[in-house]
Amino acid sequence: MLRVIKSGVLASFQDIGRFGYRHYGVCRSGALDPFAVCLANILLDNPPHLGVIEVTIGLCEFEFTQPCNFALTGACLNAKLAGKAIYPGWRYYANKGDTLSFATSAHAQRAYLSVQGGFELDPVLSSYATDLQASFGGLQGRALQSGDVLHFQNTQNKLAPLDVKQPEYKKQVRVLKGPHCDKLPQGSFERFINNHWRVSEASNRMGCRLSSDKPLAHDVSVATQAVHPGVIQVPPSGEPIVLLNDCQTTGGYPILATVIDADIRMFSQLGANQHCNFVECDLAHARKASDKLSAHLAQFTLAKNNN
């Protein structure tokens, strides 16, 4: 078992997301970096979709009450196992009584913790992800709390340390031009691309709010329509909102652009007051970027299994 000593800012069970239910008003949820979830599970020979703990900002601590092989991916939140520094992208072994602690970082936001065999969770709507807005999935539909006891299978054999190269987290994000650029003031998309944006403190798992000295103010109205993670809406204030995993299923603000699937993971590490910028790409480039991530997973799986 894994006992939560300190829950930190926000830690919750997440997986690669809940798909196929948006027409019922159910959001995707899931990890802001599903690629890191897959890597964490593959390091332990788990199915890639198993639930992991998404640690946001850090400042949390866990105790292993039984031996365990575990993996850490995502960004570096200055984690320590039994007082010794450990790093993302690695597989480790914890002895009974070892504590795993996360400090924090000025440059990173989220890390992902998986255990061999996976945590004992009941899937809800085909997913282990916690929907924090609707309060279901994960552990009782909520964030982890101090005193929680998280169950997992007993680990019989200690696995050798193993690491994997994680794709870089960047502050430049690739986007596709949105469907309402012709309705917004002329040049809005170009100004969006050429501007540098600052992440607002009001950002969360629902959306990353951006601010700038040169907002894209407008008075355009559009009909309410379906939206999804990656869509970039522009409210009348002109400060774009990048919709993320816990976003609503419909929205009425004009859509300026859409983040390509391969780059949504960048927002898992963009914190308040950090800067980012955007670059336009086309569908062919977007598909190639997604294929590159899939190939990375496949190559690592093949290399690990052949060792």
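Author: First, the term: a salt bridge here is a side-chain nitrogen of Lys or Arg within 4 Å of a carboxyl oxygen of Asp or Glu. Also, keep in mind that this is a predicted model.

Reader: Fine. How many salt bridges does a search of the whole structure find?

Author: The search finds 7 salt bridges.

Reader: Which residue forms a salt bridge with Glu-63?

Author: Arg-3 does, and the closest N and O atoms of the two are 2.5 Å apart.

Reader: How do strand 1 and strand 4 pair?

Author: In the antiparallel sense, over 4 bridges, with strand 1 covering residues 2–6 and strand 4 residues 60–64. Leu-2 has Phe-64 in strand 4 as its bridge partner.

Reader: Which residue does Arg-205 form a salt bridge with?

Author: Asp-246, with 3.0 Å between the closest N and O atoms. The pair links distant parts of the chain, 41 residues apart: Arg-205 is in the loop between strand 14 (197–199) and strand 15 (207–211), and Asp-246 in the loop between strand 18 (241–243) and strand 19 (250–251).

Reader: Why does Arg-205 count as buried?

Author: Because its relative accessibility is 5%, and the cut-off for buried is under 20%. Asp-246 counts as buried too, at 3% relative accessibility.

Reader: Which residues are linked in a network of salt bridges with Arg-205 and Asp-246?

Author: Glu-54 is linked with Arg-205 and Asp-246 in that network.

Reader: Change of topic. How many residues of strand 20 are buried?

Author: 5 of its 5 residues, and strand 20 is mostly covered.

Reader: What does strand 20 pair with?

Author: One partner is strand 13 (residues 172–177), in the antiparallel sense over 3 bridges. There, Val-175 has Val-259 of strand 20 as its bridge partner. Strand 17 (residues 231–233) also pairs with strand 20 in the antiparallel sense, over 3 bridges. On that side, Val-231 has Thr-258 as its bridge partner in strand 20.

Reader: Where is Ser-268 placed?

Author: In the loop between strand 20 (255–259) and strand 21 (275–280).

Reader: Is Ser-268 buried or exposed?

Author: Ser-268 is buried, because its relative accessible area is 0%.

Reader: What does the side chain of Ser-268 reach?

Author: The backbone oxygen of Arg-265, at 2.6 Å.

Reader: And what is Ser-268 in contact with, leaving aside its neighbours within four places in sequence?

Author: With Leu-32, Asp-33, Gln-109, Arg-110, Tyr-112 and Tyr-169.

Definitions and conventions:
Residues are numbered from 1 along each chain as its sequence is written. This is a predicted model: local features need pLDDT of at least 70, side-chain atom pairs count only at pLDDT 80 or more; totals for chains, interfaces and linings use all residues. Side-chain values use heavy atoms; hydrogens and water are left out. Two strands pair if DSSP finds at least two bridges between them. Helices (H or I, at least four residues) and strands (E, at least two) are DSSP runs, numbered from the N terminus. Buried means under 20% relative accessible area, exposed over 50%, partly exposed in between (1.4 Å probe, protein chains only). A polar contact is a pair of N or O atoms within 3.5 Å; within protein, one must be able to donate a hydrogen and the other to accept it, and residues adjacent in sequence count only if both atoms are side-chain atoms. Contact means heavy atoms within 4.5 Å.
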